[in-house]
Amino acid sequence: TSSAKDRVVGSAYMDLRTYIKDEDDQLKEVTGADCTLSSRDLRTSLETPRLLRLPAYAQGARYEDRGMPAPIEVTCKAPGLRGATTITATPGSGYRNSGTTTYSNGVSVTTMPLTGNRSSISPWTYGSSTMVILSP
């Protein structure tokens, strides 16, 4: 069994922001919320909004659960408001992706197929953005 620290292969960035829902059910950003992120592998406190650099972990059949790191519990509070969410790691770009993408350079348009399965080589990451909805 390897520790999470032994499986760190780099880092990935995640944008953390906090919001409230207004009377029209629209999201409005709350800045300056105090948040704590914790898992069995890490713990930190911060103020939103924040661009975080989180560890990326090796994955593979040689690890228990393919090396998936523990979920991160996020709790945030601002005056009169609280919220929480859980962030679960997924393989960085390691999902089967099929479809097409279109590129335009202003003169021509090219459509290219997208295929591939890179899950065996992509590290576990926590995604590029997370929002915490605060409520009274």
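**Ground rules.** Since I'm working from a prediction, local features need pLDDT of at least 70 and side-chain atom pairs count only at pLDDT 80 or more, while totals for chains, interfaces and linings use all residues. I number residues from 1 along each chain as its sequence is written, and side-chain values use heavy atoms, with hydrogens and water left out.

**Fold.** I looked up the secondary structure and got zero helices and 12 strands (DSSP runs numbered from the N terminus: H or I of at least four residues for helices, E of at least two for strands). Read along the sequence, I get β-β-β-β-β-β-β-β-β-β-β-β.

**Disulfide.** I searched the whole structure for cysteine sulfur pairs within 2.5 Å, the cut-off for a disulfide, and one turned up. Cys-35 and Cys-76 are the partners, S to S 2.1 Å. Cys-35 sits in strand S3 (residues 34-38) and Cys-76 in strand S6 (residues 72-78), so the bond ties together parts 41 residues apart in sequence. I get a torsion of about 110 degrees about the S-S bond, so I call this disulfide right-handed.

**Burial.** Are the two cysteines buried or exposed? Cys-35 is buried at 2% relative accessible area, and Cys-76 is buried too, at 3% (buried is under 20%, exposed over 50%, partly exposed in between; 1.4 Å probe, protein chains only). Across the protein, 29% of the 136 residues are buried.

**Contacts.** I took contacts (heavy atoms within 4.5 Å) between residues at least 6 apart in sequence, and 64% of them join residues at least 24 apart.
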